[in-house]
Amino acid sequence: MTNISFEAPGKATGTKVVVSDVSKPLPDAESAREHGVKLYSQLKAQGLKDVVLEANGISAVVAANLADGLLRGSYAFNKYKTAPQAEGLLNVTIVAAAPKEAAAAFDALRTTTESAFWASDMVNE
């Protein structure tokens with residue numbers, strides 16, 4: 001599972017910096033989540049492991065939902081596969097104008113998403 005954290009501008013360090021154009025207004029939380037899932041797939045396809053996303057132009061709530069989408073994109077059930085899916089992103093740092101608020105908003109989303117992962121695992125058993 002991908003580790004996601006939030007940092008203030010100028011505080012993030014990482015091996016790879018990806019500037020994502022998420023400053024365009026996303027109409028709702030679901031759009032931000034969908035963008036996060038797509039972004040995860042694109043970054044995984046590039047073979048990246050540690051990523052810093054510069055997303056200063058978005059609100060804390062949108063940053064949290066983008067992070068939730070990234071987390072949702074990381075789900076894989078490999079228990080019975082002879083060739084498990086390749087590991088994707090390990091660490092994502094989202095640079096947001098209000099990192100503490102984004103992290104607080106993400107905490108509840110993370111709990112829900114991790115519960116959905118658990119439920120998916122049980123269904124796949």
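Colleague: Where does Y80 lie?
Modeller: Y80 sits in the loop between α2 and β4. Helices (H or I, at least four residues) and strands (E, at least two) are DSSP runs, numbered from the N terminus.

Colleague: What kind of model is this?
Modeller: This is a predicted model, where local features need pLDDT of at least 70 and side-chain atom pairs count only at pLDDT 80 or more, while totals for chains, interfaces and linings use all residues. Residues are numbered from 1 along each chain as its sequence is written, and side-chain values use heavy atoms, with hydrogens and water left out.

Colleague: Back to Y80. Buried or exposed?
Modeller: Y80 counts as exposed, because its relative accessibility is 54%. The cut-offs: buried is under 20% relative accessible area, exposed is over 50%, and partly exposed is in between (1.4 Å probe, protein chains only).

Colleague: What is Y80 in contact with?
Modeller: N124 and E125, leaving aside neighbours of Y80 within four places in sequence. Contact means heavy atoms within 4.5 Å. Y80 and N124 are 44 residues apart in sequence. Their C-alpha atoms are 9.4 Å apart in space.

Colleague: Zooming out. How many helices and strands are there?
Modeller: The protein has three helices and four strands. Read from the N terminus, the order is β-β-α-β-α-β-α.

Colleague: What share of the residues is buried?
Modeller: 35% of the 125 residues.

Colleague: And the contacts between residues at least 6 apart in sequence: what share join residues at least 24 apart?
Modeller: 92% of them.

Colleague: Strands next. Which strand does β1 pair with?
Modeller: β1 (residues 3-7) pairs with β4 (residues 91-95) in the parallel sense, over five bridges. Two strands pair if DSSP finds at least two bridges between them. I4 stands opposite V92 in β4. F6 has I94 of β4 as its bridge partner.

Colleague: Which residues are on the covered face of β1?
Modeller: I4 and F6. N3, S5 and E7 make up the uncovered face.

Colleague: What about β3 and β4, how many bridges?
Modeller: Five bridges, again in the parallel sense, with β3 covering residues 50-54. T93 of β4 is the bridge partner of V52.

Colleague: Why is β4 called largely enclosed by the rest of the structure?
Modeller: Because four of its five residues are buried.

Colleague: At what angle do α2 and α3 pack?
Modeller: About 30°, with the axes of α2 (residues 60-73) and α3 (residues 99-124) 8 Å apart. That makes α2 roughly parallel to α3. Axes are lines fitted to C-alpha atoms, for helices over the stretch in contact, and angles run from 0 to 180 degrees between N-to-C directions. Angles under 35 degrees count as roughly parallel, over 145 as roughly antiparallel, 65 to 115 as roughly perpendicular and the rest as oblique.

Colleague: Is that crossing left-handed or right-handed?
Modeller: α2 passes α3 in a right-handed crossing. A crossing is right-handed if the near helix is turned clockwise from the far one by less than a right angle, and left-handed if anticlockwise.

Colleague: Which residues make the contact?
Modeller: From α2, they include A60, A63, A64 and A67. From α3, they include A102, A105, F106 and L109. By class, there are 10 nonpolar, two polar and four charged residues. Ala, Val, Leu, Ile, Met, Phe, Trp, Tyr, Cys and Pro count as nonpolar, Asp, Glu, Lys and Arg as charged, and the others, Gly among them, as polar.

Colleague: Where is A103?
Modeller: A103 is in helix α3. A103 is partly exposed, because its relative accessibility is 29%. The C-alpha atoms of A103 and A67 are separated by 9.3 Å. Along the chain, the two are 36 residues apart.

Colleague: And α1 with α2, at what angle do they cross?
Modeller: Roughly 45°, and the axes of α1 (residues 29-45) and α2 come within 6 Å. That makes α1 oblique to α2. This crossing of α1 and α2 is right-handed. The contact includes L39 and Y40 of α1, and L66 and L70 of α2. By class, it has eight nonpolar, five polar and three charged residues.

Colleague: Last one. Where does K44 lie?
Modeller: In helix α1. K44 is partly exposed, with a relative accessible area of 27%. K44 and G73 are 9.6 Å apart, C-alpha to C-alpha, and 29 residues apart in sequence.
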